[in-house]
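Subject: A structure for you to look at

Hello,

Here is the structure I promised to pass on to you. Please open it next to this email and follow along as you read.

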Amino acid sequence: EPNDAEQWSDFHSHVESLPEEEQEIINLLWYEGLSQDEAAKLLDISVRTVKRRWHSARMKLYEVLSSDE
């Protein structure tokens with residue numbers, strides 16, 4: 001997790017640069033606190049798809065945020 005306001009700002013910027021489907025998953029799971037099952041039902045997609053998008057988004061964020069350090 002980001003430690004200060006600048007890191008949080010960077011985090012939010014990078015989330016906004018993700019593909020729309022991955023942004024949607026980040027918004028539901030991270031910001032809204034939904035479970036993967038709840039997100040899948042809300043989006044009318046499989047839990048497996050939610051997990052794949054969640055993993056992909058986290059990996060992209062990890063890569064870009066770790067390179068910012």
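Let's begin where helix 1 and helix 2 touch. From helix 1, the residues Trp8, Phe11, His12, Val15 and Glu16 take part, and they meet Gln23, Ile26, Trp30 and Tyr31 of helix 2. Sorted by class, this contact holds 6 nonpolar, 2 polar and 1 charged residues. Before you read further, please keep in mind that this is a predicted model.

How are the two helices placed against each other? In general, two packed helices are described by the angle between their axes and the distance between those axes. Here helix 1 covers residues 5-16 and helix 2 covers residues 20-31; they pack at an angle of about 140°, and their axes are 9 Å apart. Angles over 145 degrees would count as roughly antiparallel, so helix 1 and helix 2 are oblique to each other.

Now step back to the whole chain. The C-alpha atoms fill a box of roughly 35 × 20 × 15 Å along the principal axes. Of the 69 residues in the chain, 26% are buried. The accessible surface comes to about 5000 Å², and carbon and sulfur atoms account for 46% of that surface. If you take the contacts with a separation of 6 or more, 43% of them join residues 24 or more positions apart.

How far can you trust the picture? The mean pLDDT of the chain is 89, with 91% of the residues at 70 or more. Among the elements, helix 1 has the lowest mean pLDDT, 82, while helix 3 (residues 36-43) has the highest, 98.

Is His14 buried or exposed? This residue sits in helix 1, and His14 is buried because its relative accessible area is 18%, under the 20% cut-off. His14 and Val64 are 50 residues apart in sequence, yet their C-alpha atoms are 7.7 Å apart in space.

You will find Ser17 in the loop between helix 1 and helix 2. With 56% relative accessibility, Ser17 counts as exposed. Ser17 and Glu38 are 21 residues apart along the chain, and 24 Å separates their C-alpha atoms.

In helix 2, the buried residues are Glu22, Ile25, Ile26, Leu28 and Leu29. Two of these names come back with Arg53, a residue of helix 4 (residues 47-68). Which residues does Arg53 touch, leaving aside its neighbours within four places in sequence? Its contacts are Glu21, Glu22, Ile25 and Ile45. Arg53 has 13% relative accessibility and therefore counts as buried.

Last, have a look at the backbone. Most residues other than glycine have a negative phi. Asp44 is not a glycine, but its phi is positive, near 60°. Asp44 lies in the loop between helix 3 and helix 4, and with a relative accessible area of 71% Asp44 is exposed. A positive phi, near 75°, also belongs to Gly33, which follows helix 2.

Enjoy exploring, and write back with any questions.

Best wishes

Note on methods
Residues are numbered from 1 along each chain as its sequence is written. This is a predicted model: local features need pLDDT of at least 70, side-chain atom pairs count only at pLDDT 80 or more; totals for chains, interfaces and linings use all residues. Side-chain values use heavy atoms; hydrogens and water are left out. Axes are lines fitted to C-alpha atoms, for helices over the stretch in contact, and angles run from 0 to 180 degrees between N-to-C directions. Helices (H or I, at least four residues) and strands (E, at least two) are DSSP runs, numbered from the N terminus. Angles under 35 degrees count as roughly parallel, over 145 as roughly antiparallel, 65 to 115 as roughly perpendicular and the rest as oblique. Contact means heavy atoms within 4.5 Å. Ala, Val, Leu, Ile, Met, Phe, Trp, Tyr, Cys and Pro count as nonpolar, Asp, Glu, Lys and Arg as charged, and the others, Gly among them, as polar. Buried means under 20% relative accessible area, exposed over 50%, partly exposed in between (1.4 Å probe, protein chains only). Accessible areas come from the Shrake-Rupley method with a 1.4 Å probe; for residues, only the protein chains shown count as cover. pLDDT is the predictor's confidence in each residue, from 0 to 100.
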